[in-house]
Amino acid sequence: MNWNDNLTAERVTFVTHLECSMTGERYAADRLHGLSSAGRPLLVRYDLDGVRGALTREALANRPNDMWRWRELLPVRRAADVVSLGEAATPIVSLAKVGARLGLKELLVKDEGRLPTGSFKARGLAMAVSMAKELGVAKIAMPTNGNAGAALAAYGSRAGIETIVLCPDDTPEINVREIAAQGARVYRVDGLIDECGAIVGEGAKAGHWFDLSTLKEPYRIEGKKTMGLELAEQLGWRVPDVIFYPTGGGTGLIGMWKGFAELEALGLIGPERPRMVAVQAEGCAPMVKAWQEGEEHAGRWQDAHTVAAGIRVPKAVGDFLILRAVRESGGFAIAVPDEAILAAIDEAARQDGLLLCPEGGATLAAAAQALERGLISRDDHVVLFNCATGLKYPMPDRSRRLAKAGPIDHAAL
Ligand SMILES: *Cc1c(COP(=O)(O)O)cnc(C)c1O
């Protein structure tokens with residue numbers, strides 16, 4: 001096995017068609033698509049009987065451990081179109097002390113902060129940009145709260161595709177700078193992410209670029225679903241009891257749910273599923289509101305605000321897919337206040353040495369709240385998703401001064 005087998009070996013591919021997630025209407029594979037004619041996300045479908053013969057446990061055991069090991073369940077046809085920056089499988093890290101304080105038997109974090117560009121957006125954008133390359137796209141635009149733009153910039157530059165990124169005004173400075181540093185043209189816009197998205201949509205309609213907004217093209221989901229495939233394999237072809245997922249556009253939650261169904265069809269897991277929990281911030285919780293009210297779609301959240309910028313999404317195109325997965329899995333949607341998010345980050349870092357991003361902190365705060373409210377039990381195997389490295393976010397200054405001239409009381413330091 002060579003380190004780059006997954007990136008260079010041609011594999012048989014099994015995409016049969018794409019399908020409207022609302023109406024089931026079929027669309028041809030290997031063509032450029034945005035939303036379906038019903039204005040809904042398109043889902044990629046595979047000949048799963050074919051995949052079953054090719055993507056076996058034995059085949060997987062002989063491949064490097066990155067997200068491209070799932071090639072038969074991915075849309076890219078030709079190895080030459082794979083655009084990769086080293087999407088290694090991310091580790092599962094236990095929060096032993098925090099878990100013990102909460103009284104949970106097992107509290108695990110899938111730490112997606114280890115991916116290229118420091119967030120799990122790398123999975124989705126590596127896939128979407130690879131497909132854009134395969135389908136001959138020359139210019140891409142996208143709205144972002146930060147991490148998606150950084151990933152688009154990096155993969156776009158690598159693929160030789162021009163990229164334009166629009167961010168809400170209050171996007172963290174580090175994100176705006178990393179996007180530009182990796183070769184995109186980035187603009188701050190005096191609006192929220194859906195308003196940036198409207199500008200991108202207008203430009204796409206006028207033929208200036210391809211719109212790579214969350215769920216408005218079919219392939220980011222396919223990249224994000226590898227989180228679920230990878231998690232099941234890492235747990236010995238089992239799924240956890242509960243997954244807490246910080247939900248903005250919901251690509252990851254929708255993708256993992258799709259991925260679990262595909263694994264079952266391949267005979268790699270059984271019918272068991274984790275309860276999927278959509279975690280949002282109290283300052284922007286459209287999915288929680290819709291879940292509580294039993295709605296199929298969510299309304300636009302007014303005055304969205306939270307420290308967790310990645311989940312500050314007032315309106316999601318895939319709202320009904322998120323709500324469906326949450327309901328079918330027997331899960332729930334839950335909102336946490338910013339103070340609880342910050343306290344959770346602090347506790348995980350100081351007790352267990354794992355620096356979460358704010359959205360990851362939200363999942364920990366949500367798990368604690370869910371336990372308190374009796375929504376999960378102490379015996380549940382719980383997996384949280386930390387979706388970005390904590391290093392991109394502001395940290396409180398707790399340093400102290402020491403004068404080198406002394407006197408220094410070493411014992412008191
Ligand atoms: C994008 C993002 C999210 C939300 O992910 P979705 O799959 O779009 O819901 C959460 N956290 C961070 C850090 C993100 O960048």
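This is a predicted model: local features need pLDDT of at least 70, side-chain atom pairs count only at pLDDT 80 or more; totals for chains, interfaces and linings use all residues.
**Entry 1: the main core.** I started with the largest nonpolar core, which has 92 residues. I looked up which residues make the most contacts inside it, and found L125, V129 and L212. Then I checked which element gives this core its largest share.

**Entry 2: V129.** I listed the contacts of V129, leaving out residues up to four places away in sequence. V129 touches V83, L152, Y155, G156, A159, I161 and L212. One of these partners, L212, is also among the residues with the most contacts inside the largest core.

**Entry 3: the other core.** I noted another core, lying apart from the largest one. This core has 32 residues, including V277, V279, V336 and A344.

**Entry 4: a surface patch.** I turned to the surface next. L402, I408 and L413 form a nonpolar patch there. Together they have about 300 Å² of accessible area. I placed L413 in the segment after β13, the strand at 381–386. Is L413 buried or exposed? L413 counts as exposed because its relative accessibility is 68%, and the cut-off is over 50%.

**Entry 5: D49 and L266.** I found D49 in helix α2, residues 48–54. Its relative accessible area is 65%, so I logged D49 as exposed. I then looked up how D49 stands to L266. The two are 217 residues apart in sequence. In space, D49 and L266 are 7.2 Å apart, C-alpha to C-alpha.

Terms used:
Residues are numbered from 1 along each chain as its sequence is written. Side-chain values use heavy atoms; hydrogens and water are left out. Patches are made of residues with over 30% relative accessible area and no salt bridge: like charges are joined within 9 Å, nonpolar side chains (Val, Leu, Ile, Met, Phe, Trp, Tyr) within 5 Å. Accessible areas come from the Shrake-Rupley method with a 1.4 Å probe; for residues, only the protein chains shown count as cover. A salt bridge is a side-chain nitrogen of Lys or Arg within 4 Å of a carboxyl oxygen of Asp or Glu. Helices (H or I, at least four residues) and strands (E, at least two) are DSSP runs, numbered from the N terminus. Buried means under 20% relative accessible area, exposed over 50%, partly exposed in between (1.4 Å probe, protein chains only). A nonpolar core is a set of buried Ala, Val, Leu, Ile, Met, Phe, Trp, Tyr and Cys residues joined through side-chain atoms within 4.5 Å. Contact means heavy atoms within 4.5 Å.
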